[in-house]
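Colleague: I have the structure open, could you walk me through a helix and a pocket in it?

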Amino acid sequence: MVTDNKTDIANAFNAIARGYYFQSKYKQAEEWFIRAQEVYARFGTGHSQEETLHWREEVYRGNPGCTQAEYLPVKAQEQFARLRNENDRANTARELKDVDGLQPNHTQGEEPLPRAQDIRACLAYDWGRANTLHGLGNVYRVQSKYIQAEESYTQAQEIHIRLGIDHGRANTLLGLGDVYRLQSKYTQAERSFLRAQEIYSRLGYDQGRANTLSGLGQVYHLRSNYAHAEELYIRARDIYCRLGDDLGRAYSLQALGSIYRAQSKYIHAEELYTRGLEIYTLLGNDHGQANTLHGLGHIYCLQSKYNQAEAPYTRAQTIYSRIGDNQGLAETLGELGDVYSGQFKYIQAEESLTQAQEIYSRLGNEHHRARALSRLGNVYYLQLKYIPAEESFTLAHRLFARVGDVLGQANTVHHLHLLHQGRDPKIEAGMGCGESGKLYGQLGRAKDVDDVPSLLLGDVYRDQSVYTRAEESYVRALEIYALHGNDRDLENANILGELGLIYYNRCEYTEAEESYSRARGIYLQLGNDLEEANALRGLGHVYRDQSEYTRAEESYAKALEIYTHLGNDLNEANTLEYLGTAYYLQSKYPQAEESCTRALEIYARLGDDLQRATILAGLGLALRLQSKYTQAEEPYAQAQVIYACLGHDLEEANTLEELGDIYRDQSKYTQALQSFDRARKIYARLRHEEGLERMLGKLGFVYALQSEHTHAEQSFALGHQ
């Protein structure tokens, strides 16, 4: 029959679409799914042996003992009653008998069944359409086309409801949950996952239960409810273990690693990712290996361990390329671009991000391409390559507008303003807030209150040091959250932290202390250790600047303990530096020396030369204040060499001056004169009049100590000119 041929064509279209989908070629997958759907919709009254077999394999053999196997004959009779063609009713006795043979009690199969295949064929068409719609939903979801994805999943769900196929309905609810989660609609996502969980539990389908537990875990993870998310992931892992599903177990370990990573518990996260990687490797699961390697790279990147991050990212890139996962390849190239940028390897960063945006372009993923272009624009901007930076930001803005990402548009407008300001210093800070502010306002009108334009606009003003306007925007964001009763504790704490920084920069210490303290309380309740440590460090700054050194020391010490526990090297080193300053201001020089030494070791390991030089100079000062002049010479000398290599002339001159003071205090007049004179020449080149005058005075004093009165008089005279 003609309709049979058309069904074969629709099935072939479906297979082609799935092939493109698994290759991450989403644009092509979308086209073929749509063509299949059109055939199903047009020729929905014929037969399809292949679809019948697909039905049996997917619904029954894939889930032995499923209660749907007992329920289908009843629904089939209802569908059959609607058929009018008696010839059609006489063609398929064996098919339903085969289906019934899968049931524990197959009394239905004992009856004469001359009409079964027609029933099955009728149902098979709807099943094929539901499968196609579900496939379209998957394609739209990964392309960030969430409205279309929701529509496709919903239509597929309606078919499953009409057919009474609970298993398929649960699957579409699972897909809808992911779509809502990706749009930050956490309440709707939670509701969908819970409904899917209820159906899977009723069907006794543990695999589905584990999958929905994982989805719920992601929702709570994104709400920063890490304790609940961890519990759900562990429950999912236990089910996977009971089923002997090593793949599911590996995924659960990876998900738990993400929980620890979000809390900056990097040591635990790295351990779980490594265990997950081992399982994926044993299973020969390339995709799982690549994803886990990507996660490991991200852990190192978050700690600014760019050298360590490069290796797993590169391995992930190789695997994604080999298996043809272009989406994963593009994401990894983008992350590598960030790594290279953090290492100041801007050429490699350009190459990686350019490749990423080209792949997204081929995939038809305009949203991700816009993001890659925006990051590429930042790399150009850091190199002062204003023309290509402007081109990248402009194209990103156009793509964000095309996909309806108002936030992306506003951010690129903001970046373009900063770029123009860099090219023309006459442009005032804050002038670019108008257009981006309007876009943020559109975002607030277009979406629900989960996306607060006041918060986003506050970030813009903060970045441009327009603190009064930033404060107004942040306070307004807090008011909106309170008004609508949103469960957004993390966002509230983040805003309070930003307000604390603004108040601190304006020397409004009472308000800063209150904001930081409130933020810390929320982070403590959420179990967000990293942000709690950040708030404690902010409090330390507030106390230090008010000369409350004991309280500053306590806050820094608590923050340091958390950073050390998390394995967060960069923040640990920074806090050791601040703690050293607090000790120094209390004349606790041995403790200051110890803190500087520990920080120095970490900065050396991280390869941060500028911070090394800063700490070396601080260590030299701590030793000098203890009259350990000989020991102080070496760190000052090392700091001077680093500053010279980095081209930091002013810092080099200051260090040479400090070194000269040490030599003078030890009566090493020749070395003192050499250091002061080198500092003098740098100050003169920089036209730093205050420094130049100071050096001439110190040179004159050393000459006088050596009874070289003529040179002393000349130096003093030049200093007074």
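This is a predicted model: local features need pLDDT of at least 70, side-chain atom pairs count only at pLDDT 80 or more; totals for chains, interfaces and linings use all residues.

Colleague: What volume does the second largest pocket have?

Modeller: The volume of the second largest pocket is about 450 Å³, and of the 17 residues that line it, Y306, G342, L606, G607 and D608 are the closest to its centre.

Colleague: And which elements give two or more residues to that lining?

Modeller: Those elements are α15 (306-323), α28, α29 and α30 (609-625), with α15 giving the most, at three residues.

Colleague: Switching to α27, how far apart are its end C-alpha atoms?

Modeller: They are 26 Å apart, which agrees with the 26 Å that the 18 residues of α27 (residues 549-566) should span at 1.5 Å a residue. Just after α27, G567 takes a positive phi of about 75 degrees.

Colleague: Which residues of α27 are buried, and what covers them?

Modeller: The buried residues are A552, E553, S555, Y556, A559, L560, I562, Y563 and L566, and their cover includes α13 (266-283), α26 (529-545), α28 (569-585) and α29 (589-606).

Colleague: What about K558, and which residues does K558 touch?

Modeller: K558 lies in helix α27 and counts as partly exposed because its relative accessibility is 42%, between the 20% and 50% cut-offs. Not counting residues up to four places away in sequence, K558 touches R520 and L536; the C-alpha atoms of K558 and L536 are separated by 7.1 Å, although these residues are 22 residues apart along the chain.

How values were computed
Residues are numbered from 1 along each chain as its sequence is written. Side-chain values use heavy atoms; hydrogens and water are left out. Helices (H or I, at least four residues) and strands (E, at least two) are DSSP runs, numbered from the N terminus. The expected span of a helix is 1.5 Å times one less than its number of residues. Buried means under 20% relative accessible area, exposed over 50%, partly exposed in between (1.4 Å probe, protein chains only). Contact means heavy atoms within 4.5 Å. On a 1 Å grid over the protein atoms alone, a cavity is a set of points where a 1.4 Å probe fits but cannot get out, and a pocket is an open set with protein on both sides within 12 Å along at least five of seven lines; lining residues have an atom within 4 Å of a point. Grid points are joined across faces, edges and corners, and a volume is the space filled by probe spheres set on the points.
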